[in-house]
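Hi everyone, thanks for coming. I'd like to walk you through a structure today, so please have a look at the picture first.

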Amino acid sequence: MAEQISPEVKRFIHTTINSVEQLEVLLFLMSNAEVEWSAEDVSERIRSTPESVKVKLEELYAARLLTVRREPRPCYRYAPNSSALAQEVAESLDKAYTEGKDTIIQLIFSRPMDNIRIFADAFKIRRED
Amino acid sequence: MVAVVYMLCFLTSLACSLLLLRGFKQTGARLLLWSGLCFLGMALNNGILFADKILWPDSDLFLLRTLPLVIGLALLIYGLIWEAE
């Protein structure tokens, strides 16, 4: 099943997505990209707690997938930096999650040694985009 | 020759620090922040070592150069232990 997922989507999941909830927050914001969302709004839609969603939103913001307006309260919008997530990979990810949720969940939980890989990737002088 | 070695150590540590801090800026992974700061401490240590042994050989900058190294290592240990998920 995992071989049907494109290598770009697999790489994105392995490098950026650390939980199913984080992926669901991302996919929700992707499908509602024209609007800004607070943690409370997102938590109501995906049925999670605002505190947990706030952490995931900040992680996605740090990964340069979202923009944030801090005042009067933090509101996030899907706006990926092109090197963070290409449009076609985003569309493939959405499609893959819709058609094969279990496969994507397996990929998330089969991530390799994250910290060591993140540490090693930092020394790549030229990034593969 | 010794001066070249000291300078290369300084430049290598500085390069590692910059790469790691760049990685932290791009990914937000805090391990990269702590290790980047550790290498920054090592770079300062090596830089002051160069100054101590080559530029001002009559001075003793042992404490001044050791302090950033100790702080850098402490930050790395903090990052590895308390920031581990």
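Predicted model: local features only at pLDDT ≥ 70, side-chain atom pairs only at ≥ 80, totals over all residues.

Let's begin in chain A, in the loop between β2 and β3. Pro72(A) is located in that loop. What kind of peptide bond joins Glu71(A) and Pro72(A)? It is a cis bond, with omega at about -5°. As background, most peptide bonds are trans, and most residues other than glycine have a negative phi.

You will find Arg47(A) in the loop between α3 and α4 (50-62) of chain A.

Now for some charges. Side chains of opposite charge can pair when their charged atoms come close. Over all chains, a search of the whole structure turns up 9 salt bridges. One of the salt bridges pairs Arg73(A) with Asp41(A), and their closest N and O atoms are 3.7 Å apart. This pair links distant parts of the chain, 32 residues apart: Arg73(A) sits in the loop between β2 (66-69) and β3 (75-78), while Asp41(A) belongs to helix α3 (residues 39-46) of chain A.

On to chain B and its helices. Two packed helices are described by the angle between their axes and the distance between the axes. Take helix α1 (residues 2-27) of chain B with α2(B): they pack at about 160°, and their axes are 7 Å apart. Angles over 145 degrees count as roughly antiparallel, so α1(B) and α2(B) are roughly antiparallel to each other. Their crossing is left-handed, and the residues of the contact divide into 20 nonpolar, 8 polar and 2 charged.

How do helix α2 (residues 30-55) and helix α3 (residues 62-82) of chain B cross? Their axes come within 8 Å and cross at roughly 165°, and therefore α2(B) and α3(B) are roughly antiparallel as well. α2(B) passes α3(B) in a left-handed crossing. By class, this contact has 17 nonpolar, 6 polar and 3 charged residues.

Finally, look at the surface of chain B. Ile77(B), Tyr78(B), Leu80(B), Ile81(B) and Trp82(B) form a nonpolar patch there, with about 560 Å² of accessible area together. Leu80(B) lies in helix α3 of chain B.

Note on methods: Residues numbered from 1 in each chain as written. Chains lettered and ligands numbered in written order. Heavy atoms only, no water. Axes fitted to C-alpha atoms, helices over the stretch in contact; angles between N-to-C directions. Helix = DSSP H or I, 4+ residues; strand = E, 2+ residues; numbered from the N terminus. Parallel < 35°, antiparallel > 145°, perpendicular 65-115°, else oblique. Left-handed = near helix turned anticlockwise from the far one by under 90°. Nonpolar A, V, L, I, M, F, W, Y, C, P; charged D, E, K, R; others polar. Patch = residues over 30% accessible without salt bridge, like charges linked within 9 Å, V, L, I, M, F, W, Y side chains within 5 Å. Areas by Shrake-Rupley, 256 points an atom, 1.4 Å probe, with all protein chains shown as cover. Salt bridge = Lys/Arg side-chain N within 4 Å of Asp/Glu carboxyl O.
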